[in-house]
Amino acid sequence: MGTPLGDFVRGKRDSVQPESLGLPERGRRRSPGLRRLDLAARAGISVEYLTRIEQGRDRNPSGAVVNALADALSLDASERNHLRYLAKITGGACSGHTRPTPPPRTVRPSVLETLRLLEPGIAMVTNRLGDVLAHTPAYEWVTSGTGLLDADAPNLTRYVFTDTRARTFFADWDDIADERVFDLWHASAIENSEWLSAELAPVAGPDFTRRMNRHVVPQRGVLRLNHPSGCELRLNRERLDLSSDAQELAVFLPADEATARAVDRLRHRHHGGLRAIS
């Protein structure tokens, strides 16, 4: 049985072209990417040890080995952070845990007040699982008619993978799906695993499982939305990590004048105050 760490290392190895690292082309081969022999040599470890890591038979590589693999794969800063995180949770999976409590859904009063100060801007608070915990009225205007907030306890991840409307609403659905999966890995590892197995994975289908095993580190570019009113919205995103609460405050800013005008039209069509969901 594999591990998140092994899956990531193997996936990155398969995606690296030898010539990009200055290695000679060794002729046609059955699998794409970098050979285990070449990666092991670059990282200064044995092929047998690399095989154990990739197959999940070694779950506790040292920090030096993790850093050597990051160097050998030429990972960027975000990918390096993700690799270190996966090494941490892969090792922790062997130590045993008590059954976790559900992630808190309460938003601190000071965070709610921050949302009020952001009005009439577009902003929301989520946890890493994608639960939409609070939002400004403008966020509801932007998502109106899409079904995203229809549930009693809206969850962005569930919406992306299980509601067919999401594939129309998010112009770059594939990128958003990768973002949602990536953020799930950075929830508490046990909380993440339990929530997935009990609720999301059975209904999200094989596409979700495939993305979980790919470990794509998202770029988080401009968010493009196809609003049901017929306008396209292009939004820049700023994210504030509320690490002590395991939550995140996201603010969405119009990326162009057309979007600013469209958001202004939506504002005049809707009314209401801040709604916190618990």
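**Note on the predicted model: helix packing, cores and hairpins**

1. Helix α3 is followed by Gly56, whose phi is positive, near 80°. Helices here are DSSP runs of H or I with at least four residues, strands are runs of E with at least two, and both are numbered from the N terminus. The model is a predicted one, in which local features need pLDDT of at least 70 and side-chain atom pairs count only at pLDDT 80 or more, while totals for chains, interfaces and linings use all residues. Residues are numbered from 1 along each chain as its sequence is written, and side-chain values use heavy atoms, with hydrogens and water left out.

2. Overall content. The protein has 13 helices and six strands. Of its 278 residues, 46% count as buried, where buried means under 20% relative accessible area, exposed over 50%, and partly exposed in between (1.4 Å probe, protein chains only). Among contacts with a separation of 6 or more, 58% come from residues 24 or more positions apart; contact means heavy atoms within 4.5 Å.

3. Helix α3 and its surroundings. The buried residues of α3 are Tyr49, Leu50, Thr51, Ile53 and Glu54, and these pack against α1, α2 and α4. Glu54 has a relative accessible area of 0% and is therefore buried. Leaving aside neighbours within four places in sequence, Glu54 is in contact with Gly6, Asp7, Val9, Arg10, Arg13, Arg36 and Leu39.

4. Packing of α2 on α3. Two packed helices are described by the angle between their axes and the distance between the axes. The axes of α2 (residues 36-43) and α3 (residues 47-54) come within 9 Å and cross at roughly 105°. That makes α2 roughly perpendicular to α3. Axes are lines fitted to C-alpha atoms, for helices over the stretch in contact, and angles run from 0 to 180 degrees between N-to-C directions; angles under 35 degrees count as roughly parallel, over 145 as roughly antiparallel, 65 to 115 as roughly perpendicular and the rest as oblique. On the α2 side the contact is made by Arg36, Leu37, Leu39 and Ala40, and on the α3 side by Val47, Leu50, Thr51 and Glu54. These residues divide into five nonpolar, one polar and two charged. Ala, Val, Leu, Ile, Met, Phe, Trp, Tyr, Cys and Pro count as nonpolar, Asp, Glu, Lys and Arg as charged, and the others, Gly among them, as polar.

5. Packing of α1 on α3. These two helices pack at an angle of about 120°, with their axes 7 Å apart. Leu5, Gly6, Asp7, Val9, Arg10 and Arg13 in α1 meet Leu50, Ile53 and Glu54 in α3. The contact comprises four nonpolar, one polar and four charged residues.

6. Nonpolar cores. A nonpolar core is a set of buried Ala, Val, Leu, Ile, Met, Phe, Trp, Tyr and Cys residues joined through side-chain atoms within 4.5 Å. In the largest core, of 65 residues, Leu69, Leu148 and Phe170 touch the most other members. Leaving aside neighbours within four places in sequence, Leu69 is in contact with Val9, Leu39, Ala43, Ile45, Leu50 and Ile53. A second, separate core has 11 residues, including Val107, Val111, Leu112 and Leu115.

7. Helix α4 and Leu21. The buried residues of α4 (residues 63-72) are Val65, Val66, Ala68, Leu69, Ala70 and Ala72. Just after α4, Ser74 takes a positive phi of about 55°. Leu21 lies in the loop between α1 (4-15) and α2; with a relative accessible area of 17%, Leu21 is buried. Leaving aside neighbours within four places in sequence, Leu21 is in contact with Val16, Leu34, Arg42, Ala72 and Ser74. Leu21 and Leu73 are 52 residues apart in sequence and 8.5 Å apart in space, C-alpha to C-alpha.

8. Strands β3 (residues 223-226) and β4 (residues 232-242) pair in the antiparallel sense over four bridges; two strands pair if DSSP finds at least two bridges between them. Asn226 stands opposite Glu232 in β4, and the bridge partner of Leu223 is Leu235. Five residues lie between the strands, and in this hairpin Gly230 takes a positive phi near 105°. In a regular strand the side chains alternate between the two faces of the sheet. The covered face of β3 holds Leu223 and Leu225, and the uncovered one Arg224 and Asn226.

9. Hairpin of β4 and β5. Eight bridges join β4 to β5 (residues 247-254), and the two strands run antiparallel. Arg239 stands opposite Ala250 in β5. Four residues lie between the strands, and Ala246 in this hairpin takes a positive phi near 55°.
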